[in-house]
Amino acid sequence: MKKFDFKKVLPFAVIIPLIILMFYLYSLLGGTSSNGITMLLNEGWTVSINETTYKDVDLRTFKFNMPQRGDVLHFYRNLPEEEVDSPLLKFFATHGTLEILVGGDLLYRYGYDYYAKGQSLGYGDHLIPLPDDYMGKRLEIHMVISESNAFSFIETPELTSQNTYYRDTTITYRAVLASNLFLYVFGIFLLLVSIFFLFQNKTFYKLTC
């Protein structure tokens, strides 16, 4: 009868309990719930794509033909009357320059230098602090598209509070952050151990790499 080799299952005997422990501690810390105030600015937009204008648009259902490089996208609506402490606007922009105006004042400008050089602008969230007296003022978003056929809808801007946004984002993605940190620590530990054994046995070279 073949003798059981405990050394082969030792890594799994260590890793699996650590993973179970990590998710157990994560559940004790409160899961992924957050209690910050977030307003989704879905309705009441006027959208202009080049020379074509659409009124009373709901961004949840609004679709259009994919724009080409150089097309101009401009849309606006009034901000809510509800007051939020330390107001913050979050907008996910895709492959385009970006200008944010509130009450006619330019608050944020991004990407025009890259666009002029023909460089890619990418996509991602833009976080724009709003003035404390934003209530009821017109919010305008102006984009010049930098990549053809990149999208066919507009992401919904969100109004939230700077006081809670970063905390709530951390809470929401806590599982991902915990998993990444665990893998970093485990990887560094494994690297150090493999380097130590590399001086005794060259077969650890692959593990070290």
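Trainee: What is the strand order of the open sheet of six strands?

Mentor: The order is β3-β2-β4-β9-β6-β7, with antiparallel pairing. Strands here are DSSP runs of E with at least two residues, helices are runs of H or I with at least four, and both are numbered from the N terminus. This is a predicted model, in which local features need pLDDT of at least 70, side-chain atom pairs count only at pLDDT 80 or more, and totals for chains, interfaces and linings use all residues. Residues are numbered from 1 along each chain as its sequence is written, and side-chain values use heavy atoms, with hydrogens and water left out.

Trainee: Why is one side of β3 and of β7 left without a neighbour in the sheet?

Mentor: β3 (52-57) and β7 (105-110) stand at the edges, and each has a single partner strand, so one side of each lacks a neighbour in the sheet. On average, neighbouring strands of this sheet are turned by 15° against each other, direction ignored. The axes behind that angle are lines fitted to C-alpha atoms.

Trainee: What makes β4 and β9 a pair?

Mentor: Two strands pair if DSSP finds at least two bridges between them. Seven bridges join β4 (residues 72-78) to β9 (residues 138-144), so the pair qualifies. The two strands run antiparallel. R77 has L139 in β9 as its bridge partner.

Trainee: Which strands does β6 pair with?

Mentor: β6 pairs with β7 over five bridges and with β9 over four. Both pairings are antiparallel. Towards β7, L98 stands opposite Y110. Towards β9, the bridge partner of I100 is I141.

Trainee: What lies between the strands in the hairpin of β6 and β7?

Mentor: Two residues lie between them. In this hairpin, G103 takes a positive phi near 60°.

Trainee: Why is β6 called largely enclosed?

Mentor: Buried means under 20% relative accessible area (1.4 Å probe, protein chains only). Five of the five residues of β6 (residues 98-102) are buried, so the strand is largely enclosed by the rest of the structure. Both faces are covered. L98, I100 and V102 are buried on one side, E99 and L101 on the other.

Trainee: How many of the 209 residues of the protein chain count as buried?

Mentor: The share is 33%. The chain has five helices and ten strands.

Trainee: What share of its contacts join residues at least 24 apart?

Mentor: Contact means heavy atoms within 4.5 Å. Among contacts between residues at least 6 apart in sequence, 78% join residues at least 24 apart.

Definitions and conventions. Axes fitted to C-alpha atoms, helices over the stretch in contact; angles between N-to-C directions. Buried < 20%, exposed > 50% of the residue type's maximum accessible area, 1.4 Å probe, protein only.
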